Amino acid sequence: MTSKNMQDIFDIGLVPLISLNDANDAVPLARALVKGGIPVAEVTFRTAAGLDSIKKMAAEVPDIIVGAGTVHDVEHAKQAVAAGAKFIVTPGFNLPVVKWCLDNNIDIIPGTASPADIEAALSLGFNVCKFFPAEAYGGVKTLKALSGPFAGIKFMPTGGVNEENMLEYLTLPNVAAIGGSFMAPSSLIKEKAWDKIAQTCQHIFGKMLG
Ligand code: 3PG
């Protein structure tokens, strides 16, 4: 079953991938995403500030659906959920993390890159998976090829998706949402250019709507 949060994310169709070096940036950034019309953040565990950033966003910006990305182990999944993460994303099909999330009723978008990964996801009842790294693994062409044998599965392509190619992905019937760092570029985060990030999000959201 698709939860309300997951449905909201797929309705929005865009999942900004966020890696922060300073957790003090979490709240202004989350507010910029909300202001820009994309109230979702996949905050990665790639930086030491990831967990605190999730905690701050969840506590101080109620309008954002904050999740944890780059979750490689169950311990991080538990910490993320305790910090307020509403969903978990893994880069690959990580069975222990997937099983922990399913056992604990936590939303997860598991990473897949191959038919074998997708078979594993299907066997556990998933109908939406991340497709990573999208561009390097054949992008739109691969997603089209996957739509035949895996008609019941939708994807969140991430990795190399950007403003130039986003519409090619979003028009595919088996794409539930696209993810990427391009909605909140690290260069703008570094400058603490929150208004510019909000404008970037508004622009991207507008482009998606056509
Ligand atoms: C991910 O983990 O999903 C990717 O590293 C995001 O890739 P991008 O920076 O090309 O959007």
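**Exercise 1.** In this predicted model, determine the sense in which β3 and strand β4 (residues 87-89) pair, and over how many bridges.

*Solution.* The two strands, β3 and β4, pair in the parallel sense, and 2 bridges are found between them. Within this pairing, Gly67 stands opposite Phe87 of β4.

**Exercise 2.** Explain why strand β3 (residues 65-69) is described as largely enclosed by the rest of the structure.

*Solution.* In a regular strand, side chains alternate between the two faces of the sheet. Each face of β3 is therefore examined in turn, with a residue counted as buried when 20 or more other C-beta atoms lie within 10 Å of its own. On one side, Ile65, Gly67 and Gly69 are buried; on the other, Val66 and Ala68 are buried. Hence 5 of the 5 residues of β3 are buried, so the strand is largely enclosed by the rest of the structure.

**Exercise 3.** Classify the residues of the shell around the ligand as nonpolar, polar or charged.

*Solution.* The residues surrounding the ligand include Leu17, Pro91, Phe132, Val161 and Phe182, as well as Thr158, Gly159, Gly160, Gly179, Gly180 and Ser181. With Gly counted as polar, the shell comprises 5 nonpolar residues, 6 polar residues and no charged residues.

Key:
Residues are numbered from 1 along each chain as its sequence is written. This is a predicted model: local features need pLDDT of at least 70, side-chain atom pairs count only at pLDDT 80 or more; totals for chains, interfaces and linings use all residues. A residue is buried if 20 or more other C-beta atoms lie within 10 Å of its own, exposed if 12 or fewer, and partly exposed in between; C-beta atoms are placed from the backbone. Helices (H or I, at least four residues) and strands (E, at least two) are DSSP runs, numbered from the N terminus. Two strands pair if DSSP finds at least two bridges between them. A residue is near a molecule or strand if its C-beta atom, placed from the backbone, lies within 6 Å of it.
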